[in-house]
Amino acid sequence: MAVVPASLSGQDVGSFAYLTIKDRIPQILTKVIDTLHRHKSEFFEKHGEEGVEAEKKAISLLSKLRNELQTDKPIIPLVEKFVDTDIWNQYLEYQQSLLNESDGKSRWFYSPWLFVECYMYRRIHEAVIQSPPIDYFDVFKESKEQNFYESQESVIALCTHLQQLIKTIEDLNENQLKDEFFKLLQISLWGNKCDLSLSGGESSSEKTDVLNSLEDLKPFILLNDMEHLWSLLMLFCF
């Protein structure tokens, strides 16, 4: 039986995981802190001095988080009681149980990258919910909306294509169906290029018609099992 490889972590210098923890996550945290600071006047207008103090508290908690990350401090349990707090802390205990005694505590650069990135977002949420009355504030709302509006041309092109496909799908033969299915799979794949976490929170909108870019992007697919997937679908669906 094949052995499951070790999880990617930041200890592999130069790897995607390393660059994520070293560069991208601190950039995201800095952008979140800046977003809160830019809304200081809004918090004051809505909540008075209490809103300003809440903004300061949230920024302080996020600055502490950024320092923990950049200095590779131990990953600490969540403290604010929420519906998923116990689950997160139990998983942190599980990660700790995988380490040898000589390894010490779970740390940012030595724990699985996917875990620490998700944990970072959960700590951002904790910092906000620990800071009423601004505990409703979505620190990513502006960047998500900006990316959506800047991607409208691509969204409209895709919707138009799907509308035409729905009208003609009954008339397509198997090869044509397969071609359309492969297009949709690739669109789903390359939608990840617009992931704000990959860009460190900077704008990463899709400003071109993604359908016209699929052929140019094919060489960048590292592993392509679309033909095998189609064969399985044909086996079980027809």
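Domain bounds, as the word is used here, come from an automatic or database domain assignment. On that basis the chain is divided into domain 1 (16-130) and domain 2 (141-236), and the C-alpha centres of domain 1 and domain 2 lie 32 Å apart. This is a predicted model, in which local features need pLDDT of at least 70 and side-chain atom pairs count only at pLDDT 80 or more, while totals for chains, interfaces and linings use all residues. Residues are numbered from 1 along each chain as its sequence is written, and side-chain values use heavy atoms, with hydrogens and water left out.

A residue is called buried under 20% relative accessible area, exposed over 50% and partly exposed in between, using a 1.4 Å probe and protein chains only; a nonpolar core is then a set of buried Ala, Val, Leu, Ile, Met, Phe, Trp, Tyr and Cys residues joined through side-chain atoms within 4.5 Å. The largest such core has 31 residues, and those with the most contacts inside it are Leu29, Leu36, Leu62, Trp108 and Ile124. The elements that give two or more residues to this core are α1 (16-38), α3 (49-70), α4 (85-97) and α5 (113-129), and the largest share, eight residues, comes from α1. Helices here are DSSP runs (H or I, at least four residues; strands are E, at least two), numbered from the N terminus. If contact means heavy atoms within 4.5 Å, then Leu36, leaving out residues up to four places away in sequence, touches Phe43, Glu55, Ala58, Ile59, Leu62, Ile134, Phe137 and Val139. A second, separate core of seven residues includes Ile187, Val210, Leu214 and Leu217.

Rings of Phe, Tyr and Trp (its six-membered ring) pair if their centres lie within 6.5 Å, and planes under 30 degrees apart count as stacked, over 60 as edge-to-face and the rest as tilted; a search of the whole structure finds 13 aromatic pairs. The rings of Phe16 and Trp113 have centres 5.3 Å apart and planes at 90°, so this pair is edge-to-face. Because Phe16 lies in helix α1 and Trp113 in helix α5, the pair ties together parts that are 97 residues apart in sequence.

Past α5, Ser131 is placed in the loop between α5 and α6 (141-150), and with a relative accessible area of 0% it is buried. Its side chain makes polar contacts (N or O atoms within 3.5 Å; within protein, one must be able to donate a hydrogen and the other to accept it, and residues adjacent in sequence count only if both atoms are side-chain atoms). The side chain of Ser131 reaches the backbone oxygen of Ala127 at 2.7 Å and the backbone nitrogen of Ala58 at 3.4 Å.

Further along, Asn173 caps the N-terminal end of α8, with a side-chain oxygen 3.1 Å from the backbone nitrogen of Asn175. Within α8, Lys178, Glu180, Phe182, Gln186, Ile187 and Trp190 are buried, and what covers the buried residues of α8 includes α7 (152-168), α9 (214-217) and α10 (226-237).
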